[in-house]
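Student: I have a two-chain model open and would like to learn how to read it. Could you walk me through it, one feature at a time?

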Amino acid sequence: MGYTITEKILARVSGQGPVKAGDEVMAKPDFVIAYDFPGYTDVYFKQMKEDFGIDRVSEPDRYAIFIDHMVPATTPKEEELHIGTRQWCAENGVALYERRGIGHQVAAEVGYATPGAFVVHFDGHISQLGTFGTLAMGIRRNLLEAFVRERISIKVPQTVRVNLRGTLRKGVMARDVFHHLVRTLGPASCRFQVLELGGPALSQISTEGLQTITGLAMFTGAITAIVNPDAERLAYALPRAKKAIEPVYSDPDAEYAAVHDVDLTDLEPLVVIPPTPANSRNLSDFLGLEINAGYLGSCASGRLEDLRVAAKVLQGRQVKPGFQLNVVPTSQEIMAAAGREGLISTLAEAGAFISSPSCDYCFGRIATMTANQRAVSTGTLNVRGRMGSPDSEIYLCNAATVAATAIEGAIADPRKYL
Amino acid sequence: MALTTLRGRVAFIFDEENFDVDQIVGVKNIKITDVEELAKVAMLSYDPEFHAKVRKGDILVGAHNFGYGHPHYPPMRAMRHLGVAGVVAESFSPGYWRGEISMGFPQASCPGILGLVERWDDIEVDFDANEVRNLTRGRSLPMEPLSFADRSMLDAGGLVPYLKRSAAGAQPAAPAGSAPAESRNA
């Protein structure tokens with residue numbers, strides 16, 4: 001029996017020969033990533049010193065900190081948190097990426113998505129580095145372990161293999177593919193396992209689209225998602241890679257907990273209705289539902305293909321008066337590229353409110369909704385209160401649908417505008 | 001301190017699959033940090049008398065994929081403050097599981113638990129025999145064994161004491177393949 005890409009990566013970082021799903025190992029992450037957030041990084045920095053007597057991390061190149069939440073700060077307390085983070089990074093010689101964009105995207109841009117690397121974060125959306133054959137897991141507060149010692153305890157997970165086939169239709173995006181997986185496989189289908197994507201249709205999905213799919217893996221119950229990187233993904237990741245690691249791939253006879261074939265040919269645009277990411281529905285069943293706001297952004301969207309499709313929908317049209325459309329490119333690199341392509345001007349002329357990169361729209365820290373308001377969103381999540389009042393509602397959908405909905409002020413099918 | 005067998009009443013059964021634990025305190029209260037305040041609002045929409053009925057050592061029971069969504073820590077902080085000693089569910093969502101184990105809060109995955117117990121039954125959760133016993137009705141079910149690391153963390157009482165037990169830099173012994181083959185973590 002062969003090995004999965006996940007088993008191979010964990011074998012390397014546990015330094016003890018081959019490992020199989022179910023083994024418990026002590027693994028040394030190649031990179032330890034976090035964004036500054038109250039209750040997480042500030043607590044780690046304090047606990048390192050006070051509970052463990054560690055003044056500095058021993059290999060600063062393994063660590064990276066992002067300031068992407070509470071950007072820009074709106075209270076002195078938030079800015080104090082950022083100051084503490086800047087000081088800690090300076091004292092420790094740890095790389096700090098501030099105001100560069102949403103960390104999970106910037107991590108890929110600057111080379112932490114090294115194919116074959118093992119990466120940990122407290123936030124599960126780091127799984128999107130799996131696009132490049134990187135094994136990246138969110139381990140919540142357990143990330144402290146990676147701050148106070150070299151290795152972390154981990155059980156080698158089983159893998160669920162999903163082979164995608166067929167051809168995506170116009171107006172159907174990677175976002176729909178992910179929510180289709182949740183609908184067909186179930187929100188618990190990959191619990192405690194790795195979602196490994198493959199199959200003949202994978203090459204049709206753009207690198208940006210794959211970042212969306214792998215970044216949302218947690219809503220299938222998976223602890224992360226990964227692909228065996230093809231030439232396109234490697235061409236992006238290898239020149240930026242922070243570390244020289246030989247990429248690895250699943251063996252043809254690797255052992256999987258389950259193998260599913262998913263045909264994308266007849267897939268329609270979807271919408272995920274509140275209050276849980278388990279609620280995938282056909283967009284066509286919700287057309288005409290009145291909507292007040294739209295959010296195009298987050299670590300699960302806001303990339304060039306999302307901005308392009310929104311600009312195409314909105315070209316020469318106008319956001320409906322009274323509708324609040326917020327467009328937030330996911331990184332400075334993406335925003336600059338969108339500017340060069342003319343996407344920013346198209347969106348601005350259509351009436352979109354365009355912000356520099358920030359995580360803050362996704363969790364309602366800004367553009368906060370009040371009771372009885374309703375949004376369409378490419379954000380990560382639609383649980384109650386995620387974008388403001390617990391009595392507001394979030395309908396998750398692809399970027400084209402957000403743009404079409406902004407024109408009509410009601411859930412709209414983007415395909416007529418494409 | 002080590003993890004011992006839990007013995008208590010089933011204080012509540014969350015029979016909804018993919019249960020979002022934030023609902024226990026309500027999303028509008030999720031930012032409350034004072035545990036007394038959190039405990040006051042906990043369970044109001046499920047059983048307004050819960051505070052009066054619950055007592056130290058009681059256990060919560062959940063359905064499949066308990067803790068799905070975007071779980072925060074305050075709901076279970078409130079539950080622990082009210083005396084709840086642990087959670088037994090058909091299965092758990094990994095983010096929730098990891099978060100609560102790191103708080104030192106015992107969680108047990110027991111397929112079939114919803115058919116084994118009714119509210120207020122007396123039950124035992126035995127982490128050594130890997131068995132959940134319904135003392136009221138005289139029946140039992142196997143539960144899934146904890147992984148070595150999860151067991152060690154619960155034995156220590158949570159993440160920080162667990163890490164302190166092994167001096168910084170030192171590694172606990174966890175030989176590859178030490179876990180039973182059927183162990184699935186949850």
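**Reading the model, feature by feature**

Tutor: Gladly! Let's begin with chain B, where residues 24 or more positions apart account for 72% of the contacts with a separation of 6 or more. Keep in mind that this is a predicted model.

Student: How many helices and strands does chain B have, and in which pattern do they follow one another?

Tutor: Chain B holds 7 helices and 7 strands. Along the sequence they come as β-α-α-β-α-β-α-β-α-β-β-β-α-α. Of the 186 residues in chain B, 48% are buried.

Student: Which residues of helix 3 of chain B are buried?

Tutor: Helix 3 spans residues 74-81 of chain B, and its buried residues are B:P74, B:P75, B:M76, B:A78 and B:M79. Their cover includes helix 1 (35-41), strand 2 (59-62) and helix 4 of chain B. Have a look at what comes after the helix as well: B:G83 follows helix 3 of chain B and has a positive phi, near 105 degrees.

Student: Let's go to helix 6 of chain B. Which of its residues are buried, and how are they arranged around the axis?

Tutor: Here the buried residues are B:A149, B:D150, B:M153 and B:L154. Looking down the axis of helix 6 of chain B, you find these buried residues within an arc of 130 degrees, so they line one face of the helix.

Student: What covers the buried residues of helix 6 of chain B?

Tutor: Both chains take part. The cover includes strand 1 (24-27) and strand 7 (152-155) of chain A, along with helix 4 and helix 7 of chain B. Just after helix 6 of chain B comes B:G157, with a positive phi of about 95 degrees.

Student: That brings me to the interface. How should I read it?

Tutor: As a general idea, the size of an interface is often given as the accessible area lost when the parts come together. For this model we can count residues in contact: 38 residues of chain B meet 38 residues of chain A. On the chain B side, the elements that give two or more residues are helix 4 (94-102), helix 6 (148-156) and helix 7 (159-165). Helix 4 of chain B supplies the largest share of that side, 5 residues.

Student: How do the residues on the chain B side divide into nonpolar, polar and charged?

Tutor: The side of chain B that touches chain A has 15 nonpolar, 17 polar and 6 charged residues.

Student: Now for the sheets. What is the general idea there?

Tutor: Strands of a sheet pair through backbone hydrogen bonds, either parallel or antiparallel. In chain A, one open sheet has 5 strands in the order 4-3-2-5-6, with parallel pairing. Strand 4 (95-98) and strand 6 (135-138) of chain A are at the edges with a single partner strand each, so one side of each has no neighbour in the sheet. Neighbouring strands of this sheet are turned against each other by 20 degrees on average, direction ignored.

Student: What is the strand order in the open sheet of 4 strands in chain A?

Tutor: That order is 10-9-8-11, again with parallel pairing. Strand 10 (224-227) and strand 11 (258-263) of chain A are the edge strands, each pairing on one side only. The twist averages 25 degrees from one strand to the next. Within this sheet, 6 bridges join strand 8 (residues 159-165) of chain A to strand 11 of chain A, and A:L164 stands opposite A:V262 in strand 11 of chain A.

Student: How does the chain cross from strand 14 to strand 15 of chain A?

Tutor: Strand 14 (residues 293-296) and strand 15 (residues 324-327) of chain A pair in the parallel sense over 4 bridges. The chain passes from strand 14 of chain A through helix 9 (residues 304-314) to strand 15 of chain A in a right-handed β-α-β crossover.

Conventions:
Residues are numbered from 1 along each chain as its sequence is written. Chains are lettered from A and ligands numbered from 1 in the order in which they are written. This is a predicted model: local features need pLDDT of at least 70, side-chain atom pairs count only at pLDDT 80 or more; totals for chains, interfaces and linings use all residues. Two residues are in contact if their C-beta atoms, placed from the backbone, lie within 7 Å. Ala, Val, Leu, Ile, Met, Phe, Trp, Tyr, Cys and Pro count as nonpolar, Asp, Glu, Lys and Arg as charged, and the others, Gly among them, as polar. A residue is buried if 20 or more other C-beta atoms lie within 10 Å of its own, exposed if 12 or fewer, and partly exposed in between; C-beta atoms are placed from the backbone. Two strands pair if DSSP finds at least two bridges between them. Axes are lines fitted to C-alpha atoms, for helices over the stretch in contact, and angles run from 0 to 180 degrees between N-to-C directions. The arc is that of the directions from the helix axis to the C-beta atoms. A crossover is right-handed if, with the strands pointing away from the viewer, the path from the first strand over the helix to the second runs clockwise.
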